[in-house]
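This report describes a single protein chain, shown below with its sequence.

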Amino acid sequence: MKNRFYLTFCFLCVLFQARAMDGLPPGVPRVLSTNGTVEFIDSTFTTHAYQEEALRLVLQEANKVAKELKLEALSIAEENLTHVFISPFGFAYQFKAIGNVTTTNYFYGVGRGCKFSDLTIANYDDYYVKYRDKKFAEPVRAMNTNTAYQLATQWLAAVHMDVKGLNRDCELHIDLTTDMLPGAEKKARKEITPLYFVSWQSKEKTDDSVGSVAYVELYLPTKQLLQLSVTDAKYILRPPLVFTNLAALFPGHATIVTNYPVKTVEGPAPGLD
């Protein structure tokens, strides 16, 4: 009877591990719970092969976005990048943030749900300082929140973001970027800096809802896109990046640890016996 129970227990352990392996190749070390759920992967774990493949996929996605928004004159090649960051596999597995690449024109980030989520103009601070110069100011009567909103939603739709869902679920805010600064004075002004910040805020006012669900920042006179971001993956309609060859990126068989139940022994607290 005891042997039968032991064999059944061993079979279940193998079955649980097999189920947990479905989404991960055997070359990835991990810690499993007793029901086969992956409990822990070292966030720094990766391989050179994975880093190269992830860069290829992020670069491919950046080219798609650049084409959809007409941001780059030429296709983006790896040798043309000014900065690259690819998350280690362990971090990407946990947070679904694969990495980002930057050209001389824009930063492209795959940071939510393994999907493209963020775009920022290169040297953003320089543009921000530039457009706040007096020579770029416009009279207050030139303020045009409708056009700013139309541009923002056109760009979001172009990169397959769920504008309809954002408008349904969130509060829309259209502000001048400079009006959002601490101590900004709006009264009796005669000129504005035509930098617009169009954002969608969560209707649920909780500690977890701080910040925008999505936002677009733009310089209206030249219709220049400065920033675009969607922080909730459910509003990103584009498909996630998919690794079709994970087993080849993590060859071999890594150590897999299962947290089996530990029998506790009742007794006096340490130091009290």
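Which residues of H5 are buried? They are Ala 148, Leu 151, Ala 152, Thr 153, Trp 155 and Leu 156, where buried means under 20% relative accessible area, exposed over 50%, and partly exposed in between (1.4 Å probe, protein chains only).

## Basis of the model

The model is predicted: local features need pLDDT of at least 70, side-chain atom pairs count only at pLDDT 80 or more, and totals for chains, interfaces and linings use all residues. Residues are numbered from 1 along each chain as its sequence is written, and side-chain values use heavy atoms, with hydrogens and water left out.

## The chain as a whole

The chain has seven helices and 13 strands; helices (H or I, at least four residues) and strands (E, at least two) are DSSP runs, numbered from the N terminus. Of its 273 residues, 41% count as buried.

Among contacts (heavy atoms within 4.5 Å) with a separation of 6 or more, 62% come from residues 24 or more positions apart.

## Helix H5

Helix H5 spans residues 145–158, and its 14 residues reach 20 Å from the first C-alpha to the last, close to the 20 Å expected at 1.5 Å a residue. The expected span is 1.5 Å times one less than the number of residues. At the N-terminal end, Asn 144 caps H5, with a side-chain oxygen 3.3 Å from the backbone nitrogen of Asn 146. After H5 comes His 160, whose phi is positive, near 65 degrees.

The buried residues of H5 pack against helix H2 (48–69), helix H6 (163–169), strand E10 (195–202), strand E11 (212–219) and strand E12 (224–230). H5 lies across E8, E10, E11 and E12, and runs at about 65 degrees to E10. For such angles, axes are lines fitted to C-alpha atoms, for helices over the stretch in contact, and the range is from 0 to 180 degrees between N-to-C directions.

## The eight-stranded sheet

Eight strands form an open sheet in the order E3-E4-E5-E6-E12-E11-E10-E8, with antiparallel pairing. Strand E3 (83–86) and strand E8 (170–176) stand at the edges with a single partner strand each, so one side of each is left without a neighbour in the sheet. Neighbouring strands of this sheet are turned by 15 degrees against each other on average, direction ignored.

Two strands pair if DSSP finds at least two bridges between them. Strand E6 (residues 115–121) and E12 pair in the antiparallel sense over three bridges. The bridge partner of Asp 118 in E12 is Ser 229.

## Loop residues

Which positive phi does Lys 70 have, although it is not a glycine? Its value is about 55 degrees. Most residues other than glycine have a negative phi. Lys 70 sits in the loop between H2 and E3 and is exposed, with a relative accessible area of 71%. Leu 74 is placed in the loop between H2 and E3 and is exposed at a relative accessible area of 70%. From Leu 74 to Asn 63, the C-alpha to C-alpha distance is 9.2 Å, at eleven residues apart in sequence.

Asn 123 is not a glycine, yet has a positive phi of about 55 degrees. Asn 123 lies in the loop between E6 and helix H4 (124–131), and counts as exposed at 52% relative accessibility.

Definitions and conventions
A polar contact is a pair of N or O atoms within 3.5 Å; within protein, one must be able to donate a hydrogen and the other to accept it, and residues adjacent in sequence count only if both atoms are side-chain atoms.
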